[in-house]
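Hi,

Here is the structure I promised to pass on. Have a look at it first, and then read my notes below.

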Amino acid sequence: MASQPLVVGLIEAGRMLGMGRTRAYRLAKTGQFPCPVLRIGGRYAVPLRGLRALLGSADQDDGDLPDHGSEG
């Protein structure tokens with residue numbers, strides 16, 4: 001059984017929230033992304049815990065959330 005990632009990329013998190021790349025980056029850079037965002041090196045990462053809480057799925061099955069954290 002593969003373990004679930006703890007973070008997803010900013011673009012993927014933005015898409016899950018219905019926003020495009022430009023808006024996701026703008027909100028992250030200004031500290032206004034709707035859930036916590038980490039800056040790791042030159043990349044943004046969004047912890048799945050915060051994303052789940054925002055989406056109201058903290059207590060539900062993770063089948064609708066991504067099972068990978070890379071953005072290529």
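The structure holds 1 aromatic pair, meaning two rings of Phe, Tyr or Trp (its six-membered ring) with centres within 6.5 Å. The partners are Tyr 25 and Tyr 44: with ring centres 5.8 Å apart and planes at 65°, they count as edge-to-face (planes over 60 degrees apart; under 30 is stacked, the rest tilted). The pair links distant parts of the chain, as Tyr 25 is in helix H2 (residues 21-29) and Tyr 44 is in strand E3 (residues 43-47), 19 residues apart.

A word on the source: this is a predicted model, where local features need pLDDT of at least 70 and side-chain atom pairs count only at pLDDT 80 or more, while totals for chains, interfaces and linings use all residues. Residues are numbered from 1 along each chain as its sequence is written, and side-chain values use heavy atoms, leaving out hydrogens and water.

Tyr 44 is buried at 15% relative accessibility, whereas Tyr 25 is partly exposed at 24% (buried is under 20% relative accessible area, exposed over 50%, partly exposed in between, with a 1.4 Å probe and protein chains only). Tyr 44 also has Arg 39 over its face, 4.5 Å from the ring centre (the test is NZ of Lys or CZ of Arg within 6 Å of the centre and within 35 degrees of the ring normal).

As for the whole protein, there are 3 helices and 3 strands (DSSP runs, H or I of at least four residues and E of at least two, numbered from the N terminus). Their order along the sequence is β-α-α-β-β-α. Of the 72 residues, 33% are buried.

Cheers
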